[in-house]
Amino acid sequence: MKTKRSIIVFWALFLMPTLIIAGIAFKLLSHEQERINQSAINALSQRAEAISQTIHITIETIQDNLKQSLFDIDQNDLAATLLRWEGTNPLVRNVFIYKNQGLEYPVKGMESTLEERRFITRYDALFSGRVKFDFNIAPSKISAKELQKLKGLTGSYPDSVKYDAIEKKQTISSRQKLVALSKAIQKAPGSAQQDLAFKGPEQKLINKSEWIPWFSENRLHILGWVQKIEKGPVYGIELELMTLLSRLIVDFPKITEPGTALVLIDGNGNFMHQFGTMVVDPEAKPVEVISISSLLPHWRIAVFIDDKGFASTKGFLYISTILLAIFIAAIISGGILLTRLTLSNMKDARQKTSFVSSVSHELKTPLTSIRMYAELLLSKRVKNEDKIQTYLSTIVNESGRLTRLINNVLDFGKLEQGSKKYQLENVEIDRFLEQIIKTHSIRIKNQDLEIKTLIEKGDYRVKTDRDAMEQVVLNLLDNALKYADQGKFIEFVLKKEDVFIVLKICDDGPGIPKEHQHRIFDKFHRIDNSLTSQQPGSGLGLSIAQQIMKDLGGDISFEPLSPNGTCFIIRIKDHDAD
Amino acid sequence: MKLSKQYHGRTIIGFFAITIIISLISGTAWAKLEHGKVICRIETDRSVLPAGDSQTTILKITLDAPAAPVNVKRPAVNLSLVLDQSGSMNGTKIEKAKAAAIEALTRLGLQDIFSVVVYDTNVHTIVPAQNAGNIQGIINTIRQIRAGGSTALFGGVSQGAAEIRKNLENDFVHRIMLLSDGLANVGPRMPDDLGRLGAALIKENISVTTIGVGTDYNEDLMAQLAQKSDGNIYFVESGIDLPRIFAAELGDVLNVVAKKVKITITLPDNIKPVNIIGREGRIRGNKIELYMNQLYGNQEKYALIEVNLPESKSGAKIKIARADVDYENPFTQKQERSSAVSYASFSSNPKKVAKSTNIDVVREYQLNLNALSQEKAIELSDKGKKQEAVKELKQSAARLKQIGTMYQDKELLQKADEQEVQSDMIESEGMSKKSRKILRTKSYQMKNQQLSQ
């Protein structure tokens, strides 16, 4: 038992690290899956960043172009140019001219349109002078460098680049068209000269400008203003955000991967555009959020991905987990198998040891009797004829017992190896049984047991091995004599059932305990209790009997006899019946 | 002020090309131009005004579009159908929309450009802008449209506009036909936002006609988009009416006789503009500017202006307005101008004044005021002031009835009756989705003199 426990402990110790390694492996796999998922998110985020950069660059370019165009306006034709621009350029929502601390255009009151009145209200803080136009511009921001840059830009956008001309190129993208819109202002011929004429020697060129993200009624608006000449008018435009959005979104790449979406969200959390087919719940939390640009404050692109989006990357985890499970199952089942084999071998070894000891004892007992009686007879000290007969009879009986034991051991070896050969012959089982009962009736009666015989009428002739059959019946009879000697009878029943001849050998002994009933045919098994420990035996009898019967196409089984006792049932098959 | 002077100067320069016939007797100015040109008229609500103190009067500036000339190739159309294929369109609506789209396509000619954009959660251009000649291929594509998903209306219109822009430089009549049956839930969805999109598109001469199906779409959004881009607006309760609406709209689009129409009304210095009724326009000093994207053949469009006249003596005759209409003739691709001048005479005889009433002007003025009342009623109802909304509608109906009775005008009386019934219904059942859509659509159609309904 100690060894068995140590094997289980060893097995448990072996199992523990296996499970720990499996756990670690699974965790590593999960991490790897997370890494793959993260890379999918990163890929989407990079696309979002690319989109956000495109938006930023586009707006920046538009604003630079518009700013430059505003600087280029002839100051003498300012209002007309701005109005023309407002009427024709989709990028321009409103225009204004602020002069001498007051709004020159649009005019408050009836002369302005509803949109212009809203525009004035929207930027009231600026137009009423409560907030200066350059409130968010650092004094050093207008530098000589910027002026130089602005001059450079003047050169890079010739008058020939006009909206209509650009529209003729059909292959250019919507975004490019949008940028072209920002260059669309038309300079009146000769305006440069007029500009110079306008700028008197006392007027200092300052070229101040700024784009202001402006929040009104919780919505973003973008106002651009310029002041070209010191103390000159501040004028500018309000960008049409819907044009920007409408033109930008048609150019963005489509996202076709299922379960993924990029959503352009404004400062109030409204979905302004969605890329991708995934149905996004407005309350859903994005896996990543990317700010678009300082030019569109609080606007962002949210990255959404659901299980469908991860499905393509989950194959790795599924396959790896299956492989890991197979690996672990192989280890555990292998371990269990080895443990069982080890335990089985240990049990066999124990049973063999017990067998050798039993057989040695079994051999020694009759040999001792034979030797003792033979020596007595040899010394010729026994003169009584009856005693001599008794001694000789004992010698013969013990020799027979010895022979049967040796036969059993030899047969067991042959049966184990599958090398036992059967000599088939015609046997009349009823006569065969009567012969055995007659031969062993003295042994039975010596143990005060009554012989009951019930042989139904019929033809019991079969083709089988007589000696093997005899060995089977004798093994059962020996068992009955050994274990049921406290009983009153031994009953032999012979009858036919279908193709089988059924031979029952029953006794009214103590019977077989329930816990041993399923193992009585196992080799070397003995019921190790107070009763059997007094009885000699090798633990091979029933095992040999069962093997022989199976070899001969029959069977042997056991059933308890009520109220006590045991019945062994032999089913003999006629080989000719096949 | 500098601004108005510059514009005034330009208007004067353009006068030499125009023939003006002025009818002083009727008080109506006629500008009969050569055949095929848009005729401009200015009428007042009364040709003889009461002498005495300063007063407000109504000017009706009417544009009579000529019939499309026979034997002249009509202007080519650049049409983009933007169809809602969200889940709610499933069933009859999408099937009828497809049938209507195919019907519309078959009416186009080889010179026309056709594109189809569908939108759900995303936007798909299923037929990129192309010549309408390849009918079978396009029809097969349209038949494959399946409904499902959300409603990215803004994206759909944007994509439709992108398809139109592929041929923007050519002399096409540019038109987007937007069909939707549900609330926009992806992209900008405020009526103002879509209005701004419409305002931007009109600058490219792209008009958006909106067709609302069922009672679940946002009529304010659709109305703003159509109004700001000078398109038409339709409301149909079920998909069954879609082929008829598509045909009606296409009838307009294929019948354009004037494009980029700009009306400039110049008032003498002593006459002040007070208000523009129903239309969006700009008042600059004594100038009033209005814009219409297109005029359809045989259509009458007008603008109503309230002006304030100075004190006048009995028997005096003064010039009260001059109207110049600049537009592009799509058949010749040339800019044309039509003008009219209106004079008014004053009398201290009330009978003479009453007799000179121009019922056409009075009727249109009242109907436009009624359209404004309908819009106000919607606003009141939206604020939960149902009773005030009903009161507004009833008051307007009563005014129509009173004036209709006074001048025995059947149209005004009929309109008054209809409005009374509708206001009673709203009073008993509340402002239903359907009632709201009818009011919004009718008021828009009235203000814009939408021909096809």
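Predicted model: local features only at pLDDT ≥ 70, side-chain atom pairs only at ≥ 80, totals over all residues.
Biologist: Are A:R93 and A:E238 buried or exposed, and which residue of chain B is linked with them in a network of salt bridges?

Modeller: A:R93 and A:E238 are both buried. The network of salt bridges that holds them also includes A:E115, A:R122 and A:E240.

Biologist: With which residue of chain A does the side chain of B:R196 meet in a salt bridge?

Modeller: Side chains of opposite charge can pair when their charged atoms come close. For B:R196 the N to O distance of the bridge is 3.5 Å, which is within the 4 Å cut-off. The partner in chain A is A:E115.

Biologist: How many salt bridges does the rule find across the interface of chain A and chain B?

Modeller: The contact takes 44 residues from chain A and 35 residues from chain B. Between them the two chains bury about 3300 Å², 50% of it on carbon and sulfur atoms. Over all chains the count of salt bridges comes to 50. Across the interface of chain A and chain B, the number found is 7.

Biologist: How many residue pairs are in polar contact across the interface, and which elements give two or more residues to the side of chain A that touches chain B?

Modeller: Across the interface of chain A and chain B, 16 residue pairs are in polar contact, with both residues at pLDDT 80 or more. On the side of chain A, the elements giving two or more residues are α2 (78–88), β1 (92–99), α3 (114–122), α6 (163–167), α7 (174–182), α9 (241–249) and β7 (271–275).

Biologist: Which parts of chain B does the salt bridge of B:K228 and B:E280 tie together?

Modeller: The side chains of B:K228 and B:E280 meet at 2.8 Å, N to O. B:K228 counts as buried at 19% relative accessibility, whereas B:E280 is partly exposed with a relative accessible area of 45%. Because the two residues are 52 apart in sequence, the pair ties together helix α6 (residues 219–228) and the loop between β13 (272–277) and β14 (281–284) of chain B.

Biologist: In which strands of chain B are B:K259 and B:E328?

Modeller: These two side chains meet in a salt bridge of 3.7 Å, N to O, and both B:K259 and B:E328 are buried. The pair links distant parts of the chain, 69 residues apart. B:K259 is in strand β12 (residues 256–266), and B:E328 is in strand β17 (residues 317–329).

Biologist: Where is B:D112 placed, and which side chain does it join in a polar contact of 2.5 Å?

Modeller: B:D112 is placed in the loop between α2 (92–107) and β7 (113–119) of chain B. B:D112 counts as buried because its relative accessibility is 0%, under the 20% limit. Its side chain reaches the backbone nitrogen of B:V77 at 2.7 Å. The side chain joined at 2.5 Å is that of B:R74.

Biologist: Why does A:Q227 count as buried, and which backbone oxygen does its side chain reach?

Modeller: A:Q227 is found in strand β4 (residues 219–229) of chain A. This residue counts as buried because its relative accessibility is 13%, under the 20% limit. Leaving aside neighbours within four places in sequence, its contacts include A:F71, A:I206 and A:P233. Its side chain reaches, at 3.0 Å, the backbone oxygen of A:G232.

Biologist: What percentage of the residues of chain B count as buried?

Modeller: Chain B has 12 helices and 18 strands. The chain exposes about 17300 Å², of which carbon and sulfur atoms supply 51%. Of its 453 residues, the share that counts as buried is 61%.

Notes. Residues numbered from 1 in each chain as written. Chains lettered and ligands numbered in written order. Heavy atoms only, no water. Contact = heavy atoms within 4.5 Å. Buried area = accessible area lost by both parts, 1.4 Å probe. Polar contact = N/O pair within 3.5 Å; in protein donor to acceptor, adjacent residues only side chain to side chain. Helix = DSSP H or I, 4+ residues; strand = E, 2+ residues; numbered from the N terminus. Buried < 20%, exposed > 50% of the residue type's maximum accessible area, 1.4 Å probe, protein only. Areas by Shrake-Rupley, 256 points an atom, 1.4 Å probe, with all protein chains shown as cover.
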